[in-house]
Number of protein chains: 2
Amino acid sequence: MSSSSFGEFDLIARLRRGIPPDPRVPLGIGDDAAVLSAPAGGRWLVAADMLLEGRHFTADTPPRLIGRKAIAVNVSDIAAMAGKPVAAFVTVAHNRGRGPEFAEEIHRGLADLAREYDIVIAGGDTNVWDGPVVVSVTLLGETIAGRAVTRGGAKVGDRVFVTGPLGGSLASGRHLSFPPRVAEAVALHAAVDLHAMIDVSDGLLSDLGHVCEESGVGIVLVADGVPINDAARAATDGRSALEHALTDGEDFELAFCIDEADAARIRDARGSVLPAEMELFEVGEVTAGRGVTVVGADGRALEFSNGGWAHQW
Amino acid sequence: MSSSSFGEFDLIARLRRGIPPDPRVPLGIGDDAAVLSAPAGGRWLVAADMLLEGRHFTADTPPRLIGRKAIAVNVSDIAAMAGKPVAAFVTVAHNRGRGPEFAEEIHRGLADLAREYDIVIAGGDTNVWDGPVVVSVTLLGETIAGRAVTRGGAKVGDRVFVTGPLGGSLASGRHLSFPPRVAEAVALHAAVDLHAMIDVSDGLLSDLGHVCEESGVGIVLVADGVPINDAARAATDGRSALEHALTDGEDFELAFCIDEADAARIRDARGSVLPAEMELFEVGEVTAGRGVTVVGADGRALEFSNGGWAHQW
């Protein structure tokens with residue numbers, strides 16, 4: 001097939017053939033809308049994120065990793081609610097100049113991650129234009145036992161944990177290949193009473209700030225407890241490794257709040273409560289204050305210029 | 001608030017405040033994912049469409065109508081399954097140069113249509129970049145009595161109808177302000193046994209071609225029966241009004257197939273079976289052939305160069 005005759009319907013038809021039947025999606029790609037069966041627990045979780053060339057990936061990013069990341073960031077959001085992903089809807093603007101093989105690589109990357117996490121690509125919209133590449137995914141997930149863990153349940157005295165080292169994700173390329181923490185969320189949900197959870201996408205300070213706001217609490221982070229990724233230590237921009245770990249974003253680890261009794265069980269009996277290979281770092285405590293404070297070894301608050309990353313005019 | 005301090009979180013916070021609580025969405029904007037209750041009928045319908053500047057609207061399109069259209073095209077898809085829309089997830093790339101007021105107008109347009117069709121805007125992702133404006137909507141809808149009407153149920157002998165005149169939608173601007181045919185779909189679903197239905201987005205020939213393909217049938221359209229919009233008659237590009245009506249696309253009327261007994265009930269007793277003000281045009285018949293054929297008054301097949309509109313490399 002020549003590239004000039006490669007159009008939208010060809011691509012959709014090929015995508016459709018590659019997707020096996022799944023009882024969770026009685027009707028998938030190919031009609032005006034998909035039909036989804038009720039999930040376990042009766043309720044759907046829904047997350048939606050858009051990736052833009054030049055912001056969330058670059059012109060040099062391998063297209064397969066663009067597709068992978070486009071679903072993965074949403075899987076991370078579903079994990080942050082302690083849910084499991086089920087069905088993805090993908091809308092894409094492909095760049096005409098890059099040609100159909102580039103577009104297909106994006107779809108292969110979407111399919112890679114979908115297969116890995118048992119997700120059905122159930123619908124979407126494929127466009128070709130002269131503008132930059134845009135991939136938007138809406139992901140539906142099921143709750144575990146009907147309960148979603150929000151940002152709003154942290155309680156004073158709770159201990160705060162994260163599931164992995166932070167910082168340097170964009171610089172190291174890990175933002176393209178991170179494993180969304182679904183298994184970790186499921187294991188945690190079974191082992192402890194998760195009061196609040198969020199995925200670290202904008203930076204730990206910013207994201208825990210959302211937990212503070214929604215829960216009406218403060219959080220004190222202990223600087224020495226914050227796990228720092230090697231990529232953050234390698235930064236040469238004059239900002240400290242700790243600052244990178246706290247503010248870089250795109251880590252896609254989970255941060256969560258549990259009470260002291262559950263925290264003690266995790267500290268004392270990791271292997272029996274949670275999978276032994278699972279990384280967990282205790283980073284701080286929920287307080288009666290407001291907002292996130294970071295304290296050094298001397299107990300004094302540290303100051304950071306950047307509370308995380310937000311799109312600004 | 002100065003435009004330079006207007007960022008993503010401000011916009012999300014404002015969007016969130018404007019949305020009243022709704023029992024269908026226990027948790028809306030503001031967490032990692034939304035939580036949706038099971039819909040009436042147990043099954044969700046899900047449609048997703050992306051609108052691109054320069055393709056689905058122009059640089060001159062009033063931003064409020066961009067937002068309106070972005071939801072409306074998806075509402076039309078849900079209507080085409082004989083469903084009712086419930087919850088929308090909106091991912092947007094705003095153009096920095098246009099400024100925050102332009103962005104807010106897009107969101108007002110989204111809210112306009114959502115209010116009009118009783119849709120909850122339940123989540124999404126707001127970005128600002130230097131690229132063209134992109135708005136992607138994933139819309140969840142509920143089935144009526146648990147049954148979705150697909151493209152795949154047309155039977156030989158069925159009669160084919162459309163809900164309004166076709167053609168000239170892009171030229172006349174109707175593609176920005178069309179009313180998605182939800183009430184019509186609901187009324188039809190209650191009054192007759194809808195075998196197959198589709199919304200006319202790519203052009204009647206192209207869209208009925210999908211019905212033929214999915215149903216394994218042919219359709220013969222009677223040229224004189226195709227309702228032609230005034231905007232199609234006004235075209236001065238040398239193509240006939242009929243050709244515009246058959247191939248222009250973006251009409252967002254419904255086309256559906258019902259058996260002859262139901263067709264007779266509609267023809268003979270419109271006011272008692274369906275709302276009297278509802279427009280319906282009988283355009284053709286389902287046959288044992290393959291693909292869509294258009295016949296003139298003399299019974300001979302007409303030829304058209306353009307089978308509808310698809311994105312091409």
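This is a predicted model: local features need pLDDT of at least 70, side-chain atom pairs count only at pLDDT 80 or more; totals for chains, interfaces and linings use all residues.
Residues are numbered from 1 along each chain as its sequence is written, chains are lettered from A in the order in which they are written, and side-chain values use heavy atoms, with hydrogens and water left out.

Let me begin with the interface, where 72 residues of chain A and 73 residues of chain B are in contact, contact meaning heavy atoms within 4.5 Å. Between the two chains there are 4 salt bridges, each being a side-chain nitrogen of Lys or Arg within 4 Å of a carboxyl oxygen of Asp or Glu. One of them joins A:Arg151 to B:Asp32, with the closest N and O atoms 3.1 Å apart. On the side of chain A that touches chain B, strand β2, residues 44–52, gives the most, with 8 residues; strands here are DSSP runs of E, at least two residues long, numbered from the N terminus.

Now to chain B itself, where B:Leu139 lies in strand β5, residues 134–143. Is B:Leu139 buried or exposed? B:Leu139 is buried, since its relative accessible area is 0%, and buried means under 20% with a 1.4 Å probe, counting protein chains only. Although B:Leu139 and B:Ala47 are 92 residues apart in sequence, their C-alpha atoms are 5.3 Å apart in space. Leaving aside residues up to four places away in sequence, B:Leu139 touches several others, among them B:Val46, B:Ile78 and B:Ile119.

Conventions. Helices (H or I, at least four residues) and strands (E, at least two) are DSSP runs, numbered from the N terminus. Buried means under 20% relative accessible area, exposed over 50%, partly exposed in between (1.4 Å probe, protein chains only).
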